[in-house]
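Please read them beside the model.

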Amino acid sequence: MLKEHAKLMSAFLASGEVVGRKKLQKMIFIAKKLAFPFQEKFQFHFYGPYSEELTLRVEELCNMGFISEVREKKGGYYQYRYTVTKEGEEFLSLYEKDIPSLKDCLTDMNTQSARFLELVSTVLYFDNLTKEEVCEKVFTLKSKQKYTEEEIDEAFAYIDGLKKIKVVQ
């Protein structure tokens with residue numbers, strides 16, 4: 001029943017602390033696109049791929065006391081910090097959800113900015129298109145972010161690097 005919750009908690013545990021809801025959404029989407037076993041459905045939204053299912057699961061995990069959500073005021077907005085609680089670690093030990101190479105990928109993603117992960121997840125969302133078409137989508141849909149061609153190239157290179165981490169393990 002809580003299999004998908006356990007997978008998500010494994011992601012939190014592997015990441016240590018995740019700062020930001022947008023960053024969390026992008027990390028799980030990218031991991032899913034790299035063939036990690038996440039089942040949440042994503043659609044394209046203001047900040048790139050977004051999953052209402054993921055939002056609800058995180059809320060449920062917080063309500064069960066397995067994930068800690070700390071809300072901090074940052075200038076004109078609120079930022080959220082997520083960590084696994086002791087109760088969550090105990091619950092996870094019963095499930096033993098070890099997903100090979102997930103820790104390496106998520107740890108790496110967690111060091112990136114939410115802005116960059118938004119770009120990477122957008123590139124992956126349109127992975128059925130050519131690179132030129134992806135660039136066009138990014139420039140159109142993400143015009144306010146003012147991404148450069150160099151940043152898009154970095155995103156493609158970063159995706160290739162993540163794929164290598166997953167394959168090596």
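1. The model is predicted, so to speak of local features needs pLDDT of at least 70, and side-chain atom pairs count only at pLDDT 80 or more, while totals for chains, interfaces and linings use all residues. Residues are numbered from 1 along each chain as its sequence is written, and side-chain values use heavy atoms, with hydrogens and water left out.

2. Leu 54, Arg 57, Val 58 and Leu 61 are the buried residues of H3. They lie on the same side of H3 because their arc around the axis, taken from the directions to the C-beta atoms, is only 100°. Their packing partners are helices H1 (3–15) and H2 (21–33) and strands E4 (67–74) and E5 (77–84).

3. H3 spans residues 52–63, and its 12 residues reach 16 Å from first to last C-alpha, close to the 16 Å expected at 1.5 Å a residue. At its start, a side-chain oxygen of Ser 51 comes to within 3.3 Å of the backbone nitrogen of Glu 53. Just after H3, Gly 65 has a positive phi of about 85°.

4. In helix H4 (residues 86–95), Gly 88, Phe 91 and Leu 92 are buried. These too cover an arc of only 100° around the axis, which puts them on the same side of H4. Lys 86, Glu 90 and Leu 94 are exposed on the other side. The cover over the buried residues of H4 includes H1 and E5.

Technical notes: Helices (H or I, at least four residues) and strands (E, at least two) are DSSP runs, numbered from the N terminus. The expected span of a helix is 1.5 Å times one less than its number of residues. Buried means under 20% relative accessible area, exposed over 50%, partly exposed in between (1.4 Å probe, protein chains only). Contact means heavy atoms within 4.5 Å. A polar contact is a pair of N or O atoms within 3.5 Å; within protein, one must be able to donate a hydrogen and the other to accept it, and residues adjacent in sequence count only if both atoms are side-chain atoms.
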